[in-house]
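This briefing is meant to be read alongside the sequence and the 3D view. Please keep both open while you work through the topics below.

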Amino acid sequence: MDRFLIEGGKKLHGTVHISGSKNAALPILVATLLTDEKCILHRVPNLRDVRTTLKILEYLGKKITYQNNTVVVEANGQLKNNLPYELVKQMRASFWVAGPLLARFKEADIPLPGGCAIGVRPVDIHLKGFENLGAVCDVKAGNVIIRAEKLTPAQIVLRFPSVGATQNLLMCACLIPGETILENVAKEPEVDDVIAFLNKMGADIRADEKGRLVVHGKTALHGAEHTVVADRIETGSFILAAAATRGDVTVADCVPEHNAILLSDLREAGFTLEVTDTSVRVPPYEGEIKPVRVRTAPYPGFATDLQAPWMTLMTLCSGTAEIDEDIFENRFMHAPELVRMGANIYTEKSVARVTGVKNLLAAHVQASDLRGGFALVMAGLCAQGESEVERIYHIDRGYENLEQKLAALGATIRRYNPDKDEF
Ligand code: EPZ
């Protein structure tokens, strides 16, 4: 399996251009199931999870072309309304095909997505929402068969503002004539991008004065063309890598306001940031990195997906920083690997206490999940000497051309596979 070899201790410098958002592209690709007409999507990042989603669409019966970050989705005969476990187990977001398939065929037969390294990740909020819309969900032998004689508009209150459940239920409600109201919804920018695409397809979704999503369902949706929003997690990841290596980096083609709380916390830690409408510059800073406490929360709170990279920054702070991971129950797996690199981290349940050290030490470490993997790459960039990060297939899920982008910023990083390549 591929690994990264990183020669650390170099300040990143230059400009990095952010790709389209993985977490917007995946649901938007799934939303093309709502129509048989052609959809054209631009700025779709070339990632493992995107390629998995394209495989799912082809399995279900779509014709896909994908080049230069543009995906064209066209009908190719009758759609299937079931998915094999082989595909679902690779990526839990594949469960989001349930909404469109239920809406169009009144039946969807989907394997329940397993958990993953960061948590059990149930789908009860999705299923309860489908039941509110008139469906019956039968869970058996690892699959869920969702059926409805007739889907009816409803008022649905999500018990937690789940990103996936919000998007899954929106896609279903779009094709249920009448008014469906979703309350306590996720407000992540990726959800906004999915709504923008659905409305381009002819859906009628708007937020009311109470922040609820009001959907006036249609009998059919048409094709549309859309450019995926910039990836705010990649944006935050590169900003944090620039800060941790004391570099001078401009993160371009992003939406800074989507990272407002991160920028505020970085300023509190001592960094000055130069922000325009589409870029964030982290200028050189040699002062102390002040400890700043963060708690992960639904947007606009501190993004759980940036908790791991933030932890790497805090391993170099001038005191003790507390990190509360309040979204996922097991999202500190990068911590023991950072400790192997000389960090001083104590975790207990959902709280990590990071006491800063003077510098990190190069080591051989293993990624356990996507964002924890990035945190280890960041640590390797900071540590003097050569670090090796194993299991980077996790990282390939969510960072497009990572080693190329980092090398263009002056990092010494290369991918190698000990089973294939000469060392
Ligand atoms: C999306 O996952 C993202 N993935 C995740 O990014 C992100 O961490 C997460 O939202 C939170 O922002 C994609 O968009 C593809 P949730 P999702 O439903 O939709 C619990 C990354 O690194 N929950 O908002 O699965 C759940 O267990 C990935 O890019 C239920 O209990 O997240 C978790 O504790 C990782 N029941 C919390 O809610 C449900 O039915 C948030 O989950 C659904 C969720």
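Does Arg 331 count as buried or exposed? With a relative accessibility of 7%, Arg 331 counts as buried. This is a predicted model, and the points below take up its strands, its salt bridges, one of its pockets and a few backbone details.

**An open sheet of four strands**

- Four strands form an open sheet, and their order in it is E2-E14-E16-E15, with pairing that is mixed.
- Strand E2, residues 13–17, and strand E15, residues 274–275, stand at the edges of this sheet with a single partner strand each, so one side of each of them is left without a neighbour in the sheet.
- Strand E2 runs parallel to strand E14, which spans residues 248–252, and five bridges join the two.
- Within this pair of strands, Thr 15 is placed opposite Thr 250 of E14.

**Antiparallel pairs around strand E5**

- Strand E5, residues 70–75, pairs with strand E3, residues 39–42, in the antiparallel sense over three bridges, and here Cys 39 stands opposite Val 73 of E5.
- Strand E5 also pairs in the antiparallel sense with strand E4, residues 62–67, over six bridges, and in this pairing Lys 63 stands opposite Glu 74 of E5.
- Strands E4 and E5 form a hairpin with two residues between the strands, and in this hairpin Asn 68 takes a positive phi near 50°.

**Salt bridges**

- Side chains of opposite charge can pair when their charged atoms come close.
- The count of salt bridges in the model comes to 25, and the pairs described next are among them.
- Arg 331 forms a salt bridge with Asp 305, in which the closest N and O atoms are 2.8 Å apart.
- Arg 293 and Asp 324 meet through their side chains in a salt bridge with an N to O distance of 3.1 Å.
- Because Arg 293 lies in the loop between strand E16 (279–282) and strand E17 (294–295), while Asp 324 lies in strand E18 (residues 320–324), the pair ties together parts that are 31 residues apart in sequence.
- Arg 293 counts as partly exposed at 45% relative accessibility, whereas Asp 324 is buried, with a relative accessible area of 4%.
- Arg 293 and Asp 324 also belong to a network of salt bridges that links them with Arg 295, Glu 322, Asp 326 and Arg 353.
- Glu 274 and Arg 281 meet through their side chains in a salt bridge of 2.9 Å, N to O; Glu 274 is partly exposed, with a relative accessible area of 40%, and Arg 281 counts as partly exposed at 24%.

**A buried histidine**

- His 226 is found in strand E13, residues 225–227, and counts as buried at 5% relative accessibility.
- The side chain of His 226 is joined to the side chain of Asp 193 by a polar contact of 3.1 Å.

**The second largest pocket**

- The second largest pocket has a volume of about 400 Å³.
- Its lining is made up of 20 residues, and those that lie nearest the centre of the pocket are Ala 244, Arg 246, Leu 316, Lys 358 and Asn 359.
- Sorted by class, the lining of this pocket has eight nonpolar, six polar and six charged residues.

**Backbone details in loops**

- The peptide bond that leads from Tyr 299 to Pro 300 is cis, with omega near 10°, and Pro 300 lies in the loop between E17 and H10.
- Arg 43, in the loop between E3 and helix H2 (48–60), has a phi near 60°, which is a positive value in a residue other than glycine, and Arg 43 counts as partly exposed at 25% relative accessibility.
- Arg 391, in the loop between strand E22 (385–390) and helix H13 (393–396), has a positive phi near 60° and is partly exposed, with a relative accessible area of 34%.

Conventions:
Residues numbered from 1 in each chain as written. Predicted model: local features only at pLDDT ≥ 70, side-chain atom pairs only at ≥ 80, totals over all residues. Heavy atoms only, no water. Pairing = 2+ DSSP bridges. Salt bridge = Lys/Arg side-chain N within 4 Å of Asp/Glu carboxyl O. Buried < 20%, exposed > 50% of the residue type's maximum accessible area, 1.4 Å probe, protein only. 1 Å grid on protein atoms, 1.4 Å probe; cavity = no way out; pocket = protein on both sides within 12 Å on 5 of 7 lines; lining within 4 Å. Points joined across faces, edges and corners; volume = space filled by probe spheres on them. Nonpolar A, V, L, I, M, F, W, Y, C, P; charged D, E, K, R; others polar. Polar contact = N/O pair within 3.5 Å; in protein donor to acceptor, adjacent residues only side chain to side chain.
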